[in-house]
Amino acid sequence: MIPASQVVRFRNALPFWASLGLVPLAILGAVQGGLFILLVPLTAWGLFILLDALTGLNLENPDLETPEEGLFWYRLITIIWFPVQFALQFGLIWYVTRAAHLNSLEKIGLFFGVGVIGGTIGINYSHELMHQKNRLERWLADLLLATVLYSHFRSEHLRVHHLYVGTPRDPVTARYNEGFHRYYPRVLWQCLTSAWKAEKALLARKNLPVTARANPFWRYAILQLAMLALAFAIGGWAGLGLFLVQAGTAIWQLELVNYIEHYGLTRKHLGDGKYEHVLPRHSWNAAQRASNWLLINLQRHSDHHYKPDRRFPLLQTYGEDEAPNLPYGYPMMTIMAMIPPLWRRRMNPRVRDWRRRYYPEITDWQPYNKAELPLPRGA
């Protein structure tokens, strides 16, 4: 008999399993074709925007003293996700490349939806897993990132973004007034190069060459090549093309989220290449209940940067006195980010208000706006 405490814990964790609901929608789209291929993006954006409006904000904070065993049902969804996503991606490649009832446009549209799953859920879960000390969880993070051809995100995120967020050295921190369509190509290249330089520098400190087996880029390359080879083996050139469609979509989804998480926010420059410590005020926070279920509390981003090793069920939310809050959840904000004039109209006044609230002593923000502050020593 299952202990009553476990039943309660499972019931509390169940909303965070919402991501599994996207899987049958993708399968239904493949079987039915037509407008059914739109079910995944319409759910990930439209339905959760509606649910956010209906369920409101969750301003409650979990007990930080919750023991690790009390988080089992929360952790399990992230642990099982790799086999779920892997089976969905390659199962659909096998099915779709042999499906006569789907035309080329339907197949591409369907794998756009698969990419939405990979970016919204897969990369997000890999983000949770890569922050853990458990070897299995870190490997699952690598495997998930390989399925969307963005393995270097682990190096960039852990060795660059978390260290230098809110400074010119962090490519992911969107500059004030920088539209997403300018941000996106910039960040694609700069994240790759900054990840490589960070791993190279780490190896150098250990007196190892960049070609050493300890360089994780070897692992990244092998895993990604294996995914590409499997897609080709299952579906030929068509299968490889569909795999690339979903990978590209997932990467776009990730960088959309990266764009909104720190837009216009900067850490105070203390002089001599030094910056203040990362605080909750250096990330945009969002307390929308439903989208936090789907995104396993990713929107409690202020606390994640403040305490990066804190598991997602324990992440705290903050009021405006401690962290800036977005007007809507990520599904709505990512749509707005795709329309730069709308984004600036909504977000630029919030950035200016953030500056007045937290840094009234700074009167010249031009160096911060243009990212012209001195880089940290050794950059």
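**Entry 1: terms before I start**

A pocket is an open set of grid points with protein on both sides within 12 Å along at least five of seven lines, and its lining residues have an atom within 4 Å of a point. I keep in mind that I am looking at a predicted model.

**Entry 2: the largest pocket**

I looked up the largest pocket and found that 19 residues line it. Nearest its centre lie Asn12, Phe16, Pro62, Tyr74 and Pro313. The space in this pocket comes to about 500 Å³.

Which helix gives the most to the lining of the largest pocket? I checked, and it is H10, with 3 residues. Helix H1 (4-13) and helix H10 (289-294) each supply at least two residues of that lining. I also sorted the lining of the largest pocket by class: 7 residues are nonpolar, 7 are polar and 5 are charged.

**Entry 3: the cavities**

Next I went through the whole structure for cavities, and the search gives 3 of 30 Å³ or more. The largest cavity holds about 280 Å³ of space. I count 22 residues in its lining, and Gly119, Thr120, Val257, Leu295 and Leu298 are the ones that lie nearest the centre.

Which helices each supply at least two residues of the lining of the largest cavity? My list reads helix H3 (39-55), helix H5 (104-130), helix H7 (153-164), helix H9 (216-262) and helix H12 (330-337). By class, the lining of the largest cavity has 11 nonpolar residues, 10 polar ones and 1 charged one.

Now for helix packing. Two packed helices are described by the angle between their axes and the distance between the axes, and I noted both for each pair.

Helix H4 (residues 72-96) packs with H9 at an angle of about 95°, and their axes are 9 Å apart. Angles of 65 to 115 degrees count as roughly perpendicular, so I wrote H4 and H9 down as roughly perpendicular to each other.

Then I looked up who meets whom. From H4 come Phe82, Phe86, Gln89, Phe90, Ile93, Trp94 and Val96. On the H9 side they meet Met227, Leu230, Ala231, Ile234, Gly235, Gly239, Leu242, Phe243 and Gln246. The residues of this contact of H4 with H9 are 12 nonpolar and 4 polar, with no charged ones.

**Entry 4: H2 against H4**

H4 turns up again, this time with helix H2 (residues 22-32): the angle is about 0° and the axes are 11 Å apart. Angles under 35 degrees count as roughly parallel, so H2 and H4 are roughly parallel to each other.

In H2, I found Val23, Ala26, Ile27, Ala30 and Val31 meeting Trp81, Val84, Leu88, Leu92, Tyr95 and Val96 in H4. This contact of H2 with H4 has 11 nonpolar residues, no polar and no charged ones. Val96 is on my list for the contact with H9 and on my list for the contact with H2.

**Entry 5: two loop residues**

I also looked at phi in two loops. Leucine 149 has phi near 60°, which is a positive value in a residue other than glycine. Where is leucine 149? I found it in the loop between helix H6 (135-146) and H7.

Isoleucine 296 is not a glycine, yet it has a positive phi of about 40°. Its place is in the loop between H10 and helix H11 (301-306).

**Entry 6: the whole protein**

Last, I stepped back. The protein has 14 helices and 2 strands. Its radius of gyration is 21 Å, close to the 21 Å from the globule rule for 379 residues, so the protein is as compact as a globular protein of that length. Along the principal axes, the C-alpha trace spans about 65 × 50 × 50 Å.

Definitions and conventions
Residues numbered from 1 in each chain as written. Predicted model: local features only at pLDDT ≥ 70, side-chain atom pairs only at ≥ 80, totals over all residues. Heavy atoms only, no water. 1 Å grid on protein atoms, 1.4 Å probe; cavity = no way out; pocket = protein on both sides within 12 Å on 5 of 7 lines; lining within 4 Å. Points joined across faces, edges and corners; volume = space filled by probe spheres on them. Helix = DSSP H or I, 4+ residues; strand = E, 2+ residues; numbered from the N terminus. Nonpolar A, V, L, I, M, F, W, Y, C, P; charged D, E, K, R; others polar. Axes fitted to C-alpha atoms, helices over the stretch in contact; angles between N-to-C directions. Parallel < 35°, antiparallel > 145°, perpendicular 65-115°, else oblique. Contact = heavy atoms within 4.5 Å. Rg over C-alpha atoms; globule rule 2.2 N^0.38 Å.
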